[in-house]
Each structure stands twice: as C-alpha cells, then as structure tokens.
Amino acid sequence: MKKGLLVKLLGVTALAALTLGLAGCSSSSSDKKSSDSSTTSSKTLAVVIPSSDHGWEAGVNYYAQQQVKKLGLKKYKIVTSSSVNEQASQIDDMISQKVGAIVLQPQTDEVSTAAKKIVKAKIPLVVFDRKVDAKYTGYVAGSNPQIGQLSAKKIGDTLKGKGTVAVLNVPSSGSVSAERTAGFKKVMKKSYPDIKLVNMTADDFTQEKGLKAATDMLQSNKKVDGIFSIDDESSIGILQAVKDAKRTDIKIISGAGGDQAYFKQIKAGGDITKFTATYSPAMIGDAIKLANQKMNGKDIKKDTIIAPTIVTKSNVSKFLDTKSPY
C-alpha cells in the first residue's frame, strides 16, 4: 500500500472512531440557530447512515453532527452501520423507539424492505443520496445524471470528439453509479459518437479499488485518451495507476464528490487535465433540516435535487477547506 494511501485511511479510521463515539448522543442547543430550526416536537430525530469507511461517508457523518447542532436539536440519534443487515436492524430499533422522523442514507437498494417498514409505521422518512423503493416523505441528493452529462461535455470537448475513454462503474453503489454512467454515455452517444468507450469496474469507492480497476483496464487497452471516474477517491487511485504504468497517453481524468485531497491534485496541475463534479456530503444537512421541519408539522418538498458544479484548476481554490474531513 502506498504511504499516502495508508495515512489517509488511518485518518478516516480515526474520524470514524470519533464520530461513532458521538453517535446517539444528545446535543445541547447551539448559540447560532437557523431561522426555521424550531424544535417544538418532543420526539427524537434519527439519522441512519453508513459507517465512515470512505472519505465521503466521513464527511456525511461530520456534516450531520454539524447540522443537528446548528438546528439546536435536543433529542437526536446518529447511528452508523457497516452492512445492509446492520442498517435494517437499526431501522427496526428506531421504529420500536417511535422516533419522530428518520433521515436514511441507504447502504444499498436492499434497504428498501426496511424503509417500507418506516412508511408503514407512519414515521416521516427523508432519504438521502441513494434511492429506495418506498414511498418516502422527502428525498435529497445531488444530480447524478448531471454529473455524467457535464463530465461528458468536458471530456468530449477536451478530446475534440476523438479517442478512447474508459468509463468507471461501481455496481455496489446502486443508483449512484447507474445514473452517473448513464448520463455520461447518453451525451457521448449523441454529441461525441467518434469517441470509443471501454468499461472498467470497481468494487467500491476507494483509492485501492480505483487503483486496481485502472491497472487492469490499462493492461487491456494500449491507448486511452481519457477516463471518466465517478468518484474523487477512485480518481486518486486511478492517477496512481497511470503513474505506476508510466502511461503518457491519458489526457484527462474526471471525478465526482468534493474530496479535498483530489482538489489539491487538481490545483497542482500537471500533464493530465484533472477536474471533478461536486456532490458534497454537506447535503446531509438539507435532509436533516427537512426531517426536522416535517417532525414539527411543516410541509416539505418531496424531491430536492442539487445541481453539480464542475471544478477545474481555474476555480478549485474556492472549494478548498482545511477543516473538512473530505
């Protein structure tokens, strides 16, 4: 394992341990409350999210803690899980405790069965990031299709409509991967038909899996002009694979998320054009805000989709944040 990867993974592990220690605790009211942070309900707001085994998830946990404090919530639970079964069990616990509302970031689509139990129990359900097959109260996410579409335009224009582009897909991420790659391929087919697409598959959104997927892809393809990556941490691993293979044919690599480590690589520049499309973990704050409003009897918007911003060397300085864990 590369030293840089090990240091980053240790950092994420430490953050996960810290946030897990905080999970489920009550928070005292913050001095600074948003204008609609009414906490008249005596019920508990539950936030059910995956564990922080990925930088983006560490960011989700971080921003969830920030938002409950900002809203001045006195009764809340933030619980994390490492598997579908564990998350389903946590959902059962929240239902039995008769919480006032649940914010759910599903482990995978398989959590739909447990999500339906929330609906049946008539507990407001705000789903974050990944969709479930259940009649949720609200849904908050970035625009995965737009990430693919905007990235396709950036890559297609940079390559002037010619060449070969590898497309990363991560089936374990469910709708996130499917929507990003579908959006990308749709624009490519319509606007850049002379660009050949080759597939590369990773098991997860991590640097190690990105490194492995890219290493295998590069061995199978002697010339690749660009790589469409759907995750910033994966992109860092992909860049390492390109470096290890001493490949000079790759001209452009994308990303998605908002990882500070990848932002730094974008800022550093180099022979490869690097960019990303934002999909910030801070969006969990919008989901918590909506769930709190619903718990307090207010009507909320059913679907909140946040458009991405393309981050390049020219504007990356605006996105650098030394305090962010991701």
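This is a predicted model: local features need pLDDT of at least 70, side-chain atom pairs count only at pLDDT 80 or more; totals for chains, interfaces and linings use all residues.
Local features require pLDDT of at least 70 and side-chain atom pairs pLDDT 80 or more, whereas totals for chains, interfaces and linings use all residues. Residues are numbered from 1 along each chain as its sequence is written, and side-chain values use heavy atoms, with hydrogens and water left out.

**View 1. Extent of helix α3.** Helix α3 comprises 13 residues, 84–96 (helices are DSSP runs of H or I with at least four residues, strands runs of E with at least two, numbered from the N terminus). From first to last C-alpha, α3 reaches 19 Å, close to the expected 18 Å (1.5 Å times one less than the number of residues). Just after α3, K98 adopts a positive phi of about 55°.

View 2. V84, Q87, Q90, I91, M94 and I95 are buried (under 20% relative accessible area; exposed is over 50% and partly exposed in between, with a 1.4 Å probe and protein chains only). These residues lie on the same side of α3 because they cover an arc of only 140° around the axis (taken from the directions from the helix axis to the C-beta atoms). On the other side, N85 and S96 are exposed. The cover over the buried residues includes β1 (45–50), β2 (76–81), β3 (101–104) and α4 (112–120).

**View 3. Packing of α3 with α4.** The two axes come within 9 Å and cross at roughly 10° (lines fitted to C-alpha atoms over the stretch in contact, with angles from 0 to 180 degrees between N-to-C directions). The helices are therefore roughly parallel (under 35 degrees; over 145 is roughly antiparallel, 65 to 115 roughly perpendicular and the rest oblique). A88, I91, D92 and I95 of α3 and A114, K117 and I118 of α4 make the contact (heavy atoms within 4.5 Å).
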